Amino acid sequence: MTYRVVRALIRLLLWLFYRRIDVVGRERIPASGGVIIAANHHNSVVDAMLIIVTVPRAVTVLANAPLFRHPLIGPPLRMLGAVPVHRRAEAGDDPRKNEEMFASAIEALRAGGVILIFPEGRTQPQPILLPLRTGAARLALGAERAMGGTGPVTLLPVGMVFHDPGTFRSASVQITIGAPVQTADLSTAHSDRPEEAVKAITARLTESIGARIVEAQDQYSLELLAVLERAWGEEAARRGEPEPAPGGAAESALGWKQRVMRAGRYLAAREPHRVAALRHKIEVYRSHLDEVGIASDQLGQPYTASLVLSYVATNVLWLSLGLPLACWGIVSHAAPYWLTGQIVKRLGRTSEEEATDKMAVGLVIYPLLWMVEGWLVWRLAGRGALVLFVLLIVPSGLLALIWRERFGRFMRQARAFVWFLTDRGLHRRLLDERRALVGELRELADRVPPDVLGSDRASDVR
């Protein structure tokens with residue numbers, strides 16, 4: 001029951017913070033039996049939170065021991081039944097305690113439990129996969145030996161790709177669950193050399209996780225890649241090219257991004273000026289779209305008078321009806337929102353911890369300031385007003401979020417409509433710019449050998 005309550009709270013926090021969470025391959029999660037989930041690690045505790053809400057079964061998290069000493073993060077970890085991992089690099093930790101951790105994890109796997117481990121060993125903000133440590137492979141082999149071959153232990157690779165990971169209501173993530181990594185054959189082949197089996201399984205796991213993420217030099221490059229992907233897809237649709245099969249769009253998009261990054265790495269070593277020129281064109285194209293206030297997929301759509309009038313009428317009506325409650329939600333949440341941001345800034349933590357810090361601090365600040373505001377309402381307006389305040393505080397906050405986002409979209413559309421009215425050739429120029437951008441990408445792709453595009457990981461391309 002405690003786990004369910006904490007997971008429900010985590011689900012709510014993620015739903016509030018993230019604009020979008022996409023999960024691919026959820027059907028690959030075994031319904032029973034021991035499972036080791038091995039995922040890449042770029043966003044501190046939020047990574048574990050995302051896995052917990054994605055997996056329908058109870059998950060035991062292997063977390064760095066210092067997190068258990070954190071006043072805000074430690075209690076939820078204990079409530080979830082997380083197990084501390086001790087590292088030599090952490091002051092005050094005793095790595096010998098990891099023997100107890102391994103024994104507990106193996107026992108949980110024997111009982112059919114699910115263990116979550118981040119084999120990179122630490123979180124870091126760059127969208128690359130660090131060299132994996134051997135913990136996941138040792139767990140898999142240890143569980144198989146403990147079970148005596150009576151039942152399989154599934155080693156499940158998971159890749160997470162983030163967009164704007166630390167920004168409230170702008171962050172998004174794609175979680176891709178891969179096919180299980182085969183371990184039984186290596187365990188048998190190296191039965192007398194367990195270290196060889198550990199290395200071989202770790203190598204397979206590295207390839208499996210790497211095939212489910214997009215590796216880039218930094219987060220900004222991933223943002224430019226997303227712009228290029230949308231332009232490519234829209235031009236493909238305009239030419240009438242077949243769309244991915246239903247349910248396969250996310251994996252198809254992931255594969256496309258991986259191929260582009262591999263090609264970019266290959267060409268950057270041979271034709272750096274052309275790659276730099278393409279990157280600049282993407283930046284200029286994105287800046288033009290941002291200036292106009294239009295999304296790339298809206299290019300080519302007709303702005304007829306009836307369509308504009310219908311859009312304006314629908315949105316003005318919706319925004320007007322929701323305005324009173326949305327205003328109350330904005331006013332009552334302005335102080336906790338501002339104070340949370342100020343506290344997080346002063347913590348001076350690394351960028352990959354930003355989302356975790358905002359959720360942890362907000363989980364304390366919001367209820368505290370709600371109580372202060374409730375007390376003020378009671379003193380100034382009486383008990384009836386306090387009851388109304390309590391009933392509306394959460395719904396008004398949620399409506400304020402939705403209202404602000406819809407108002408932002410409406411204003412961007414209005415700006416785009418004004419641009420297109422005052423500059424009749426703008427729409428055509430943006431379309432031409434998109435076509436030229438995609439054409440340049442096609443020309444560069446033709447200069448990349450097919451075996452490079454077929455490589456499993458961007459880091460394999462030299």
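# Exercises on helices, salt bridges and burial

Glutamate 107 and arginine 110 stand three residues apart in helix H4 (residues 98-110), and are therefore separated by about one helical turn. Helices (H or I, at least four residues) and strands (E, at least two) are DSSP runs, numbered from the N terminus. The structure is a predicted model, in which local features need pLDDT of at least 70 and side-chain atom pairs count only at pLDDT 80 or more, while totals for chains, interfaces and linings use all residues. Residues are numbered from 1 along each chain as its sequence is written, and side-chain values use heavy atoms, with hydrogens and water left out.

**Exercise 1.** Describe how the side chains of glutamate 107 and arginine 110 meet.

*Solution.* Next, apply the criterion for a salt bridge, which is a side-chain nitrogen of Lys or Arg within 4 Å of a carboxyl oxygen of Asp or Glu. The side chains of glutamate 107 and arginine 110 form such a bridge, at 3.8 Å from N to O. Finally, classify the accessibility, where buried means under 20% relative accessible area, exposed over 50%, and partly exposed in between (1.4 Å probe, protein chains only). Glutamate 107 is partly exposed at 45%, and arginine 110 is partly exposed at 46%.

**Exercise 2.** Determine which parts of the chain are tied together by the salt bridge between arginine 286 and glutamate 223, and then treat arginine 442 and glutamate 241 likewise.

*Solution.* The side chains of arginine 286 and glutamate 223 meet at 3.6 Å, N to O, in a salt bridge. Because arginine 286 lies in helix H10 (residues 272-292) and glutamate 223 in helix H8 (residues 219-238), the pair ties together parts that are 63 residues apart in sequence.

For the second pair, the salt bridge between arginine 442 and glutamate 241 has an N to O distance of 3.1 Å. This pair links distant parts of the chain, 201 residues apart, with arginine 442 in helix H14 (residues 426-445) and glutamate 241 in the loop between H8 and helix H9 (249-268). Arginine 442 is partly exposed at 30% relative accessibility, and glutamate 241 is partly exposed at 34%. Salt bridges that share partners also join Glu234, Glu235, Arg238, Asp432, Arg434 and Arg435 into one network. By the stated rule, the count comes to 21 salt bridges.

**Exercise 3.** Work out whether threonine 356 is buried or exposed, and which residues it touches.

*Solution.* Threonine 356 lies in helix H12 (residues 354-381), and its relative accessibility of 4% makes it buried. Using contact in the sense of heavy atoms within 4.5 Å, and not counting residues up to four places away in sequence, threonine 356 touches Asn43, Ser44, Val45, Val46 and Ile73. Its side chain, moreover, reaches the backbone nitrogen of valine 45 at 3.3 Å.

**Exercise 4.** Decide how many residues of helix H2 (residues 45-54) are buried.

*Solution.* Ten of the ten residues of H2 are buried, so this helix is largely enclosed by the rest of the structure. The buried residues of H2 include Val45 and Val46, two residues that are also touched by threonine 356.

Technical notes. Polar contact = N/O pair within 3.5 Å; in protein donor to acceptor, adjacent residues only side chain to side chain.
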